[in-house]
Amino acid sequence: MLAEVTDVRPGRPYKPGREHKIVTASHTEPVQAETQNPAGIVLTDLAAEKVKALIEQEGRDDLRLRVAVQPGGCSGLRYQLFFDERSLDGDNVTEYDGFAVVVDRMSVPYLTGATIDFADRIDAQGFTIDNPNAGGSCACGDSFH
């Protein structure tokens, strides 16, 4: 199930730590994956470049991209992508070129095999998550199961 995280768009300021809305995407394209972390998440080259640029824009070297799955929405689960300086017990941390991706131990089973990409097209803008573990999403596209 491919989902678009609509947190970074032209004309809308990026706000770290904000919960991000997920919408089901209607258009998919194959992407070339860069690196897979111990939690099984793959970041494409484009997604990694965008994360690095956003962290640099924040002007802090202690921020890491935290990817989590939390209860919520119509279907029961929703993604969260945000910058975080905290280290929690059981975190899976993968270092990339200039930043780290963190996944909490409770989210690992839901995210194994997921691919995070960044789209900047007329039909899609923002981070997308293609998650083979998602069986479906609700009609509003805000959550998955």
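**From an aromatic pair to the core**

Y96 is buried, and F99 is buried too. Those two make a handy way into this model, which is a predicted one. Their ring centres sit 5.1 Å apart with the planes at 5°, so this pair counts as stacked; planes have to be under 30 degrees apart for that label. The structure holds two aromatic pairs, and the other geometry on show is edge-to-face: F118 and F127 have 5.0 Å from centre to centre and 65° between their planes.

Now step back to the whole chain. From the N terminus on, the elements run β-β-β-β-α-β-β-β-β-α-β-β, which comes to two helices and ten strands. Of the 145 residues, 47% count as buried. The accessible surface comes to about 7400 Å², and 49% of that belongs to carbon and sulfur atoms. If you care about contact order, take the contacts between residues at least 6 apart in sequence: 58% of them join residues at least 24 apart.

What do the sheets look like? Start with the open one. Four strands line up in the order 6-5-8-7, with mixed pairing. Strand 6 and strand 7 (92-95) take the edges, each with a single partner strand, so one side of each has no neighbour in the sheet. Neighbouring strands here are turned by 20° against each other on average, ignoring direction. Within this sheet, strand 5 and strand 6 run antiparallel and are joined by eight bridges; for instance, R66 has F82 in strand 6 as its bridge partner.

On one hand, strand 9 runs parallel to strand 4 (residues 42-44), with two bridges joining them. On the other, strand 9 pairs with strand 10 in the antiparallel sense over six bridges, and a hairpin of four residues joins strand 9 to strand 10.

I116 links up with both of those pairings. L43 has I116 as its bridge partner in strand 9, and I116 in turn has I129 as its bridge partner in strand 10. Which residues does I116 touch, leaving out those up to four places away in sequence? The list is I41, V42, L43, T44, A47, V67, L81, F127, T128 and I129.

That brings us to the largest nonpolar core, which has 27 residues; L43, V67, F99, I116 and F127 touch the most other members. Several elements give two or more residues to this core: helix 1 (45-58), strand 5 (64-71), strand 6 (77-84), strand 8 (100-103), helix 2 (108-111), strand 9 (115-120) and strand 10 (125-130). Helix 1 supplies the largest share, with five residues. In soluble globular proteins, nonpolar side chains tend to be buried together.

F99 belongs to the stacked pair, F127 to the edge-to-face pair, and L43 and I116 are bridge partners. F99, F127, L43 and I116 are among the core residues that touch the most other members.

Conventions. Residues numbered from 1 in each chain as written. Predicted model: local features only at pLDDT ≥ 70, side-chain atom pairs only at ≥ 80, totals over all residues. Heavy atoms only, no water. Core = buried A, V, L, I, M, F, W, Y, C linked by side-chain atoms within 4.5 Å. Buried < 20%, exposed > 50% of the residue type's maximum accessible area, 1.4 Å probe, protein only. Contact = heavy atoms within 4.5 Å. Areas by Shrake-Rupley, 256 points an atom, 1.4 Å probe, with all protein chains shown as cover. Pairing = 2+ DSSP bridges. Axes fitted to C-alpha atoms, helices over the stretch in contact; angles between N-to-C directions. Phe/Tyr/Trp six-rings, centres within 6.5 Å; stacked < 30°, edge-to-face > 60°.
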